[in-house]
Amino acid sequence: MTCFLLIKNNWQPFLKIISIANLLYCCLTIGIVVYYYHTLTILGVAYFLVEIVIVFGLVFVELKTVSK
């Protein structure tokens, strides 16, 4: 939100950094789900998988926006 409110010009590098951070978050979440898979319920695994899919979709939109 800070980038949106304060940066009106040359916002592309900031959006790229945010998308990379989101991608790293997805990788970290996948790693944690794999590590704790034996203690998670099916509902817990489903929640994290849906979250990962949504964030990957967001990363795709962010990177597509930056490349325009």
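Predicted model: local features only at pLDDT ≥ 70, side-chain atom pairs only at ≥ 80, totals over all residues.
# Briefing: helices, a pocket and aromatic pairs

Asn-22 lies in helix 2. Helix 2 covers residues 12–35, and helix 3 (42–67) is part of what covers its buried residues.

**Asn-22**

- Asn-22 has a relative accessible area of 18% and is therefore buried, the cut-off being under 20%.
- Leaving aside residues up to four places away in sequence, Asn-22 touches Val-55, Leu-58, Val-59 and Glu-62.
- Between the C-alpha atoms of Asn-22 and His-38 there are 25 Å, with the two residues 16 places apart along the chain.

**Helix 2**

- Helix 2 has 24 residues, so at 1.5 Å a residue it should span 34 Å; the C-alpha atoms at its ends are 35 Å apart, which agrees.
- The buried residues in helix 2 are Leu-15, Ser-19, Asn-22, Cys-26, Thr-29 and Val-33.
- An α-helix has 3.6 residues a turn, so residues three or four places apart point the same way.
- Helix 3 is included in what covers the buried residues of helix 2.

**Helix 3**

- Buried positions in helix 3 are Gly-44, Val-45, Glu-51, Ile-52, Val-55, Val-59, Glu-62 and Val-66.
- These buried residues of helix 3 pack against helix 2.

**Largest pocket**

- The volume of the largest pocket is about 240 Å³.
- Its lining is made up of Met-1, Thr-2, Cys-3, Phe-4, Ile-7, Lys-8, Trp-11, Phe-14, Leu-15 and Ile-18.
- Helix 1 (2–6) and helix 2 are the elements that give two or more residues to this lining.
- By type, the lining residues of the largest pocket are eight nonpolar, one polar and one charged.
- Leu-15 belongs to the lining of the largest pocket and is also one of the buried residues in helix 2.

**Loop residue Asn-10**

- Asn-10 is placed in the loop between helix 1 and helix 2.
- The phi of Asn-10 is near 55°, a positive value in a residue other than glycine.
- Most residues other than glycine have a negative phi.
- Asn-10 is exposed, with a relative accessible area of 52%.

**Aromatic pairs**

- Two aromatic pairs are found in a search of the whole structure.
- In one of them, the rings of Tyr-35 and Tyr-36 have centres 4.8 Å apart and planes at 85°; that angle is over 60 degrees, so the pair is edge-to-face.
- Tyr-35 has a relative accessible area of 59% and is exposed, whereas Tyr-36, at 41%, is partly exposed.
- Tyr-47 and Phe-48 form an edge-to-face aromatic pair, with 5.2 Å centre to centre and 75° between the planes.
- Tyr-47 is exposed at 52% relative accessible area, while Phe-48 counts as partly exposed at 27% relative accessibility.

Methods: Residues numbered from 1 in each chain as written. Heavy atoms only, no water. Phe/Tyr/Trp six-rings, centres within 6.5 Å; stacked < 30°, edge-to-face > 60°. Buried < 20%, exposed > 50% of the residue type's maximum accessible area, 1.4 Å probe, protein only. Helix = DSSP H or I, 4+ residues; strand = E, 2+ residues; numbered from the N terminus. Expected span 1.5 Å × (residues − 1). Contact = heavy atoms within 4.5 Å. 1 Å grid on protein atoms, 1.4 Å probe; cavity = no way out; pocket = protein on both sides within 12 Å on 5 of 7 lines; lining within 4 Å. Points joined across faces, edges and corners; volume = space filled by probe spheres on them. Nonpolar A, V, L, I, M, F, W, Y, C, P; charged D, E, K, R; others polar.
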